[in-house]
Amino acid sequence: MRKIFNISMAMIIGIVVWSCSEDTMDAINKNINAPTDVSSNLIITDAMTSSAFTVTGSDLAFYASCYIEQNVGIYNQMYNAEIRSGDPTNSTTYNNSWSATYNNLYNLKTVIDKCSAGGSEEGNYHTLGVAQVLSAYNLAVLTDMFGDVPWSEALQPGVIFTPKLDSQKDLYDTIFHFLDEGIANLSKESSYPSLGSQDLIYGGDASLWKKFAYGLKARYTMRLSLRNPDYADVIKFADESFTSSSEQCQFNYDGSTTISPFFQFFKDRDYFGASQSLHDKLVARNDPRDTIFFKAYPGTSDLVFAPNGTPDQVQGVYGISAISSATAPTYLMSYHELEFLKAEAYVRLNDLTNAEDALKKAITASFTKVNIGLTAADADDYYTNQVKPKFDANPLSEVMNQKYIASYEEEAMEAYNDYRRLKAMGDNVIQLDNPKDATQFPLRYTYGADDVTTNANVREAYGDGTYVYSENVWWAGGTR
């Protein structure tokens, strides 16, 4: 009997040891730094950071600032872009931003799935709303820069390997749907706690995310002006949005652990020179920002402006931006942009009284930006003596030129979008001086190499890349 008992105990101990060994091995094989399930509040924080730094403050903005002459490319890739050699047509040029935007959209899709009906965080309406608003923003950046892009079949790794391209028209329907759904969810009572400090933009304030969403509706409604002009709605949506600069959607940097993208780009690359054509616009208006925007290259005594399209490829000679700093914020949407949108809409509706009021507010907000440092009194004096006569002579021209100036440097993508839209509408009110623009102004960006090399649908749309000089995006009158 004891023999049987001993055998039984040996078997039990063996089983226990075997089980413990299996558990131990399972634990050893797990990477605790790569969890398979992450709560939405952590994912959304990363999505905010990525939206600001790897999408808005990325190569997309750096190249845009070159194409619309807020900076001049004076070295390496930016010099090539300036003289239209290679970079504007290469699939590798914007690949990092292309991939980063899709990665961001995938993470936002994960949050939306978690917080929607049937998800593990069903009822987390405010996080859901934020994810939908950021999805609209990221998708709009993607299609505004690249045109038709994979979407309805995208973001399905291991399921669809070569997603088709969706039309920009359909993508804009999706963008507005995201915004409407986001507004609806941000208006609900959530059973989950506020995002609080996990929200690096608004600190968990759902009402401010709603205002951002309405501001985006105003922006994108204006974007479709050639296809479907609706200036009354631009004003209506803008009136539901920011009421001051304190509410605008901006991402802040502390200057040490986090650094502003344009400043980081200068430190790492030093590829930009101060733009002669932007300087000329400021001088023509006796604009006080001319002495604030630029400075001589560190270690030199003279402020030398780089000629647009024909600079020497040299570093350490041309002046540089003086408003780039380690703490300069990234604007996903600013209050001054919102007032400029209203000013343009009122001009197009021939309501010049309200247009002037909006324009004054926009200029004041842009003068008092954190890295400009002028006052409301400076803005009022400037408006009365410099802007008013030009506005009276040509309201649309002055509104759009003031918006162009105010967008230096952090809002270069919006300046690029405005320029393409205005040209498509026949409103040639912003003068660019690069002689290459006569035949080689980049009307869009090339698709990213990651998909050009792996997705036949994208590869066929890319061709040899020269289409960027001849094919407008859909909202600017093109077919894709």
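Helices here are DSSP runs of H or I at least four residues long, strands are E runs of at least two, and both are numbered from the N terminus.

**Figure 1. The whole chain, for orientation.** This is a predicted model, and its chain holds 20 helices and eight strands. The C-alpha trace spans about 110 × 50 × 45 Å along its principal axes. A compact globule of 480 residues would have a radius of gyration near 23 Å, and the chain comes in at 26 Å, which agrees. Buried residues account for 56% of the 480. Take the contacts between residues at least 6 apart in sequence: 76% of them join residues at least 24 apart.

**Figure 2. Inside the largest nonpolar core.** This core has 139 residues, and the ones touching the most other members are Phe146, Trp209, Phe212, Tyr445 and Tyr447. Helix α6 (residues 125-146) supplies the largest share, with 13 residues.

**Figure 3. Trp209 and its contacts.** Trp209 is one of the core residues that touch the most other members. Leave out residues up to four places away in sequence, and Trp209 touches Met48, Val130, Val133, Leu134, Leu186, Asp199, Ile201 and Tyr202.

**Figure 4. Phe265 meets Tyr271.** Searching the whole structure turns up 34 aromatic pairs. In the one shown here, the ring centres of Phe265 and Tyr271 are 5.9 Å apart and the planes sit at 90°, so this pair is edge-to-face; the cut-off for that label is over 60 degrees. Phe265 and Tyr271 are both buried.

Figure 5. Tyr462 has a relative accessible area of 12%, so it is buried. Tyr467 counts as buried too, because its relative accessibility is 6%; the cut-off is under 20%.

**Figure 6. Arg223 over Trp475.** This view shows a charge over a tryptophan ring. The charged end of Arg223 is placed 5.7 Å from the centre of the Trp475 ring.

Definitions and conventions
Residues numbered from 1 in each chain as written. Predicted model: local features only at pLDDT ≥ 70, side-chain atom pairs only at ≥ 80, totals over all residues. Heavy atoms only, no water. Core = buried A, V, L, I, M, F, W, Y, C linked by side-chain atoms within 4.5 Å. Buried < 20%, exposed > 50% of the residue type's maximum accessible area, 1.4 Å probe, protein only. Contact = heavy atoms within 4.5 Å. Phe/Tyr/Trp six-rings, centres within 6.5 Å; stacked < 30°, edge-to-face > 60°. Lys NZ or Arg CZ within 6 Å of the ring centre and 35° of its normal. Rg over C-alpha atoms; globule rule 2.2 N^0.38 Å.
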